[in-house]
Amino acid sequence: MARKSRGRHFSDTLLGTAVTLFGLGILLLLIRSMLGDSSSEMLQAVIKGVSAPAPVVLLAGLVLGAVGFALKPRASLARRAAEPTFFPADSTDFIGTMTPPAEFEEAPPHRGERQPPRAWGAQVFQDIEWRRFESLCSRLFTQAGFDVRPQSHGPEGGVDIWLHSRSAQGPIGVVQCKHWRVRPVGVQQLREFVSLMASHNLARGTYITTSTFTADALRFARERGIDTLDGEGLLQLIAQRSSEQQQSLLAHAYEGEYWRPTCGSCGLKMVEVSPRTGGAGFWGCADLPRCRFTLPVVPQA
């Protein structure tokens, strides 16, 4: 998945400095308290010179702590998810990150107003976001009897789902999921998947996409024993499940905010971000600006 944002926020630096100043100020006051009764004039002069800055140091710590606390991001994620977030049009730090990582495409164009269908079809894959698609794939393999351990978010060598068996130690296979609506999976993506399998000494791998595979990618996969499932093949696999299993998968697909994309860096649900003076909006992590993972918004039909 995408790289995690690990940059330290400026407010954390201010708060750390404030704590240091408070500690220094208290230490100076303790020195004056413990040695203040000394009869030595020289020692008294040293104590006075050392402890005199204590009030200034404490005041500086108080000011920096107040500023750091005021700047620290702590907005309610629920409130931010319910309303669009606005940034100035010249916020290049945010607008400049609108190109999503290569493994992601646009977020769903719908906002939950679509009535869930009664049966499976290609429209389901168009309606749901990428993380929900991975969750559906996990449930499919669980129905097939595998011990499934999904990778929730963040980088893990390209792994989306680990497949385990009760009769073996360690993973017996890996699954890569690509929630792409239009773009086909090519040879490059399959080469990366083969490298991933080799790094974990795994002979079993399944590559799933909601779109299609190029002819070269399919040939490459066959030569290396990789199972492939495109959108049509995935629907055929779901059709082989029992009616109860199909309905369970469909209910999970449309559960909650199935349409709101998940941040590929930290796993939070994303919010719609729009410039105050107009311009193209985008999906941003609910922890903006600390996490700068973004996805473009598809216009609603």
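Helix 7 and helix 11 are roughly antiparallel to each other, a term applied to angles over 145 degrees. Helix 7 (residues 130-143) packs against helix 11 (residues 243-253) at an angle of about 160°, their axes being 10 Å apart. Axes are lines fitted to C-alpha atoms, for helices over the stretch in contact, and angles run from 0 to 180 degrees between N-to-C directions. Helix 7 contributes Arg132, Ser135, Leu136, Arg139, Leu140 and Gln143 to the contact, and helix 11 contributes Gln245, Leu249, His252 and Ala253; contact means heavy atoms within 4.5 Å.

This is a predicted model, in which local features need pLDDT of at least 70 and side-chain atom pairs count only at pLDDT 80 or more, while totals for chains, interfaces and linings use all residues. Residues are numbered from 1 along each chain as its sequence is written, and side-chain values use heavy atoms, without hydrogens and water.

The chain has an average pLDDT of 76, and 63% of the residues score at least 70; pLDDT is the predictor's confidence in each residue, from 0 to 100. Two stretches with pLDDT under 50 are tabulated below.

| Residues | pLDDT | Contacts beyond four places in sequence |
|---|---|---|
| Residues 1-8 | under 50 | 27 contacts |
| Residues 74-102 | under 50 | 54 contacts |

Where pLDDT is low, the predicted coordinates should not be read in detail.

An open sheet of five strands has the order 2-3-4-5-6 and mixed pairing. Strand 2 (147-150) and strand 6 (227-229) are at its edges, each with a single partner strand, so one side of each lacks a neighbour in the sheet. Strand 2 runs antiparallel to strand 3 (residues 161-164), to which four bridges join it.

Notes. Helix = DSSP H or I, 4+ residues; strand = E, 2+ residues; numbered from the N terminus. Parallel < 35°, antiparallel > 145°, perpendicular 65-115°, else oblique. Pairing = 2+ DSSP bridges.
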